[in-house]
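This report examines selected elements of the structure displayed here. Please keep the sequence and the coordinates at hand while reading.

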Amino acid sequence: MIVSRTALTEAQRAAVDHPKGPLLIVAGAGTGKTRVLVERYRRLRQAGIAAERILLLTFTEKAAREVLDRVEQEDYLPAGERFILTYHAFAQRFLQEDGWLCGIPRGFRIVSEVRKWELMRDVLLALRPPHLFHAQRPFERIGELLKLVERAKQELISPAEFRAWSEANAGVDDPMIGAQRAAALVYTEYQERMLAEDRLDFDDTIFFSVQLLAAEPSVATRQSQRFAHVMVDEFQDTNFAQSRLLELLTGPDRNLCVVGDDDQSIYKFRGASVANLARFRAVYPDATVVRLEENYRSRGPILRAAARLIAEDPDRLEKRLTATRGEGTAVNVLTATSVTDEADAVAAFVKRAIDEGRHRPNAIAVLLRANAHLHNFARALQRSGVAYQVSGGRGFYQQPEIKDCLAYLRAVDMPDDTVCLMRLLSLPRYAVDAVQAGRWARRARDDGRRFFDILQEANDDGARRLCGDLRHFAEQALRLGVDDLFYQVMEHTRYLDLERFQGPIERLQVSANVQKLAELIAAYCDEHADHHLAAYLKHLDATEAAQADEEIAPLDESVNAVHLMTVHQAKGLEFGLVIVPHLVEGRFPASRRGEGLTLPDELLKEELPAAELHLAEERRLAYVAITRAREELICTLAGRYEGVKDWRPSRFLKPIRGKDARELAAISLLVPPAGGIVEVARQVELPLNDAPPIAALSYTQVDTYLRCPQMYQYRFVFRLPTRPKPQMQFGRILHEALKDALGSIEREKPLTWAMLDSAYVAAWARERFCAPEQAPSLQDLGRTYLRRAFDAGDLSKPLLLEQPFSLRVNGLRLTGRIDRVDRHPDGSYEVIDYKTGSAKRAADLQRDLQLGVYALAAREVFRFDPLSLSYYYLETSERVTVDKPQDRLEDDRQTIVKVAEGIRAELFPARPDRMKCSGCDFRLLCPSAAV
């Protein structure tokens, strides 16, 4: 928000002219706070303060650049170095100069997110801490532990302090405290390993800066003398460590000016706390307080809606914003029946606003609560022919061009990777027909040959060209590092020269993403000694496991396209037209997630107020979204999202609506698309001519189709290979051990532990385990499972073991295998299936299709009656028996019939889901993958 120098209000002038001492500027949304900071900087310079004696801190590099540009425009006096930095940039420079005094090497580097994940993985595998490590899911809690370590540093809790607390609570018999004690050891080991590599994370830079300033008064004095004035933007977003750093930097003169607005505190997930505003008042009780309450951004209806919403927060600082730009159009509330209609109606509204000349595309923003929700609106804008850019959205590695580039690299390293080869064959450089590629893949699987060899023999120019390219790149990989190899691949294939991208904005985005990938590969080479392609691909696997996705490469701000972004990314920005979708309970406000592992209350340095509650932050987030709008605001919702339930309108809608909101129905904006619908991520259809009739289906095939028909097509129609997974191999080993041990029981030869353990050792020996680093812990875990079941007396001689079956369902043959059938003394039968996962409740298993298939097979094939169905959970040696009444079995039968009908009709649509796609072997090939 730019305000002319002569237009300073009385409150702004008071903030600008404040001579010395602590100053708190409570600046509401759109009240010109950046203008005030810049003008205050200029006045200090005019008062004779050198530029290098003024420190101005921001939270993001973008904000720092913008403030620096504004200062350079306003301050004409000669200046040396200007210290307009982010917190972390300042702390990094400080430690590079003085960090050696607390043992920090001058040449330290900032650790990457992936390396942090790798370090924590190594710590867990080494320590196997109780409560935090499970051999079947060894990396399940890495993210949670990294978050805990991050939070500890933000609270200035050292490993030694955490460990001392752990020792003091050693005798407490409480699983939560036990997990916290284990976390203290993990924190200590993790930090030692990171420092041993001369690396720090961003929170370390603040943590060690505070430690050094607090421990060395002479250093603190020198720093406070260095900066005569310290100014801070967005103070409400500070965490405790950052707040403490400011106090140590200001020294006895206390010339600290902070600008904040508790109504816009939306970064609790990274440790920010509105409690710091109260802390500032407590540390500086004599601070001057100036309130900026004249809004220069939003029209009256928008500002009143925002005010009604935020007024429901009882703990906020009192402020009343007034609109200086007069009235405008009423706030719109758009209601749709489905999420697709909601997105299409938004796209239609946006297109009309552009066509009528009300707004330029780059003055329009769609602000979502979560990154995962951007996809529907991207597709809708594409269908409407509206240019858009995803600003700061995650999902870099899921962009089609990045999948193409990584498919090249993976295929060079492993030319028998069928999924990568099929993706490359579809590129315009090779232009191989998708149907033909599918036939080749199936032929390779049927003949037991490499797909690459089939391609070499094919009488197809595209297939031969791809084989030639890959042979050439493989030769290059023998002598080049992955950074130079990637350049060669892009240069040789002329990937970015292809005229296949739709419009200049897509070309810019593709080019920017490929360039960013090159930079990430170069950064990998800077951080790792091994630059070979295989080493980089192993690092890429760790990146995927760590879910350390990158932001999509940003485009130049001059690009004239509609912005798609999250509300968090929109902080500090403004737009003529703002759309805030998904205003339903569970999306906005989002459902509260459990905090998981937390720090002990005794170690926290401050009490968090009630305003830190989840709903209060969600309300502030909605307030930030609304106050980005200058001219028009549209809030949207739908009756249906995922699932079958009806979603309730958001509690935020009532205050937003007030009495003057205009109600819109999505149907009034929707028109049938001309020429059909064009999807952003087009589904790859690989139909087979003259599809053979289905003779039989296995339960695995039925289950796969239900999860995702596209996955079924890749796996069972084209028979693309799948990669082994540790969890699946572990389960198979246990099943093999039980089969061999139970099968060896005879009347005069009962089962002994030695027999069972011998079968277990033999099962491991036969399996080529895909994750050697996990094998020792899983071997120990499996032996624990078997011993527990043996001691419980649950491993008696069964009636049937690993019994195959063939079941007729409406003319279809359904095949499978039952783990075990027992016959009890009363004449009843029990079907038992072994599970290595966590136990589920019987009520939750009534709709379980696998049990339904077992029941149908046991009754109709083997005529077992009476019959009970059980899952035996090896983790807890718990047997969960499930009742499957006849109506449930009929539902299961119809499900199987519908799956068969879908397969016969070759209906293989993708069903993208973040959790399912993340573990899918075909996500690199599938254009609809949600990860």
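## Helix α9

In helix α9, the buried residues are Asp203, Asp204, Thr205, Ile206, Phe207, Phe208, Ser209, Val210, Leu212 and Leu213. Because 10 of the 14 residues of α9 are buried, the helix is largely enclosed by the rest of the structure. The model is a predicted one.

Helix α9 covers residues 202-215 and reaches 20 Å from its first C-alpha to its last, close to the 20 Å expected at 1.5 Å a residue. At the start of α9, aspartate 201 places a side-chain oxygen within 3.1 Å of the backbone nitrogen of aspartate 203. Aspartate 203 is itself one of the buried residues of α9.

## The six-stranded sheet

Six strands form an open sheet with parallel pairing, in the order β3-β2-β6-β7-β1-β8. Strands β3 (83-86) and β8 (288-292) stand at the edges; each has a single partner strand, so one side of each is left without a neighbour in the sheet. On average, and with direction ignored, neighbouring strands of this sheet are turned by 15° against each other.

Within the sheet, strand β6 (residues 229-232) runs parallel to strand β7 (residues 256-260), and three bridges join the two. Valine 232 has valine 258 of β7 as its bridge partner.

## Helices across the sheet

Helix α3 (residues 61-74) lies across β2 (54-58) and β3, and runs at about 165° to β3. Helix α4 (residues 87-98) lies across β2, β3 and β6, with an angle of about 110° to β3.

Glutamine 264 belongs to the loop between β7 and α12 (275-283). Is this residue buried or exposed? Its relative accessibility is 6%, and glutamine 264 therefore counts as buried. With neighbours within four places in sequence left aside, glutamine 264 is in contact with Ala27, Gly28, Ala29, Gln236, Asp237, Lys571, Arg620, Tyr623, Val624 and Arg628.

Arginine 279 is located in helix α12. This arginine is partly exposed, with a relative accessible area of 22%; the cut-off for a buried residue is under 20%. The side chain of arginine 279 makes a polar contact of 2.9 Å with the side chain of glutamate 247. Arginine 279 also lies 9.4 Å from phenylalanine 240, C-alpha to C-alpha, although 39 residues separate them in sequence.

Strand β14 (residues 562-566) is mostly covered, with five of its five residues buried. Val562, Leu564 and Thr566 point one way from β14, while His563 and Met565 point the other way; residues on both sides are buried.

Which strands pair with β14? Strand β12 (residues 364-368) runs parallel to β14 and is joined to it by four bridges. In this pairing, leucine 368 stands opposite threonine 566 of β14. Strand β13 (residues 388-390) also pairs with β14 in the parallel sense, over three bridges. Here tyrosine 388 has valine 562 of β14 as its bridge partner. Valine 562 and threonine 566, which take part in these pairings, point one way from β14 together with Leu564.

Methods: Residues numbered from 1 in each chain as written. Predicted model: local features only at pLDDT ≥ 70, side-chain atom pairs only at ≥ 80, totals over all residues. Heavy atoms only, no water. Pairing = 2+ DSSP bridges. Axes fitted to C-alpha atoms, helices over the stretch in contact; angles between N-to-C directions. Contact = heavy atoms within 4.5 Å. Buried < 20%, exposed > 50% of the residue type's maximum accessible area, 1.4 Å probe, protein only. Expected span 1.5 Å × (residues − 1). Polar contact = N/O pair within 3.5 Å; in protein donor to acceptor, adjacent residues only side chain to side chain.
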